[in-house]
Amino acid sequence: MDFGVLGFVIAGLVVGFIVGMTGVGGGSLMTPILLWFGVNPAAAVGTDLLYAAITKAGGVWVHQKNRNIDWGITGWLALGSLPAAGLTLWFLQWLQADQEALNAVIKQSLGVVLVFTALAVLFKRRLLDIAARLSGSKKRLTARRLNGLTVLVGAVLGAMVTLTSIGAGALGTVALFFLYPLLTTRRLVGTEIAHAVPLTLVAGLGHAGMGNMDWTILAYLLMGSLPGIYFGSHLSGRVSDEVLRPCLAIMLAAIGYKLI
């Protein structure tokens, strides 16, 4: 195994370990790492999308087994995200004639979304507290308005994830908590993961159809990430969240700032 191959396996191992331990950081870390390895921005996004779909599929099985998924919310999110993903793929295909413009759009979008993701990771607890206070001080939304807002959130996530492969985790979870503050954290995370799988699969296959995919790199990443997620999950909760989240947030913000 040469150094290049070993590098991708180690990258998968490290990212998988962090995701298993913290529950966030998959796309936020993997796509910038692929860019650092010299992978074309469009190919980095496409490869990471299918990587996310495969790795999160196992999470759906576990969460469904534990009844941690609200399929109703998942459906409303998908109603917004999948059409938005299709429109974003059409936009990227239109841009593909000018590869330099395509790469510039993806890199700038990556930088912006990474900074917002860093803020969501760093201030997640405070944001959740604000959402909880707001839910207690205002009348509950009607079912129709709540479903409409869920579709809108899904559409924003669909465009964001298709363009950058980032946003479904930290940003999606915070957005869902503002809409469904009474939903338990376990069901919130399970629902977000259940929605992320079809979204990343559709977006990833769309990128693959445009040639924005490196199947060999995907295989190497999975070789490292699957054991990484396993070991990281066993260490989850043993390292203080007060240490992990600021470190992860600072790293994501620095990467985002550099890309912008």
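Biologist: Which residues of H4 are buried?

Modeller: Keep in mind that this is a predicted model. A residue counts as buried when its relative accessible area is under 20%. In H4 the buried ones are Ile73, Thr74, Leu77, Ala78, Gly80, Ser81, Ala84, Ala85, Thr88, Leu89, Leu92 and Leu95.

Biologist: And what covers the buried residues of H4?

Modeller: The cover includes four helices: H5 (99–122), H7 (143–164), H8 (170–179) and H9 (185–209).

Biologist: Where does H4 bend?

Modeller: Look at Ala78, where the helix bends by about 30°. Ala78 is also on the list of buried residues.

Biologist: What happens at the start of H4?

Modeller: There, Asp70 has a side-chain oxygen that comes to within 3.1 Å of the backbone nitrogen of Gly72.

Biologist: Which residue forms a salt bridge with Asp70?

Modeller: First the general idea: side chains of opposite charge can pair when their charged atoms come close. Here the partner of Asp70 is Arg187, with 3.7 Å between the closest N and O atoms. Arg187 sits in helix H9, while Asp70 is in the loop between helix H3 (41–65) and H4, so the pair ties together parts that are 117 residues apart in sequence. The count for the model is one salt bridge.

Biologist: Why does Asp70 count as partly exposed?

Modeller: Partly exposed runs between the buried limit of 20% and the exposed limit of 50%. Asp70 falls in that range because its relative accessible area is 22%. Arg187 is partly exposed too, at 25%.

Biologist: Which residues touch the most other members of the largest nonpolar core?

Modeller: That core has 44 residues, and the ones to look for are Leu34, Val39, Tyr51 and Leu221. Leaving aside neighbours within four places in sequence, Leu221 is in contact with Phe8, Ala11, Gly12, Met30, Leu34, Thr47 and Tyr51. There's a second, separate core of eleven residues, with Ile73, Leu146, Leu176 and Leu183 among them. Ile73 brings us back to H4, where it is one of the buried residues.

Key. Residues are numbered from 1 along each chain as its sequence is written. This is a predicted model: local features need pLDDT of at least 70, side-chain atom pairs count only at pLDDT 80 or more; totals for chains, interfaces and linings use all residues. Side-chain values use heavy atoms; hydrogens and water are left out. The bend at a residue is the angle between axes fitted to the seven residues ending there and the seven starting there. Helices (H or I, at least four residues) and strands (E, at least two) are DSSP runs, numbered from the N terminus. Buried means under 20% relative accessible area, exposed over 50%, partly exposed in between (1.4 Å probe, protein chains only). Contact means heavy atoms within 4.5 Å. A polar contact is a pair of N or O atoms within 3.5 Å; within protein, one must be able to donate a hydrogen and the other to accept it, and residues adjacent in sequence count only if both atoms are side-chain atoms. A nonpolar core is a set of buried Ala, Val, Leu, Ile, Met, Phe, Trp, Tyr and Cys residues joined through side-chain atoms within 4.5 Å. A salt bridge is a side-chain nitrogen of Lys or Arg within 4 Å of a carboxyl oxygen of Asp or Glu.
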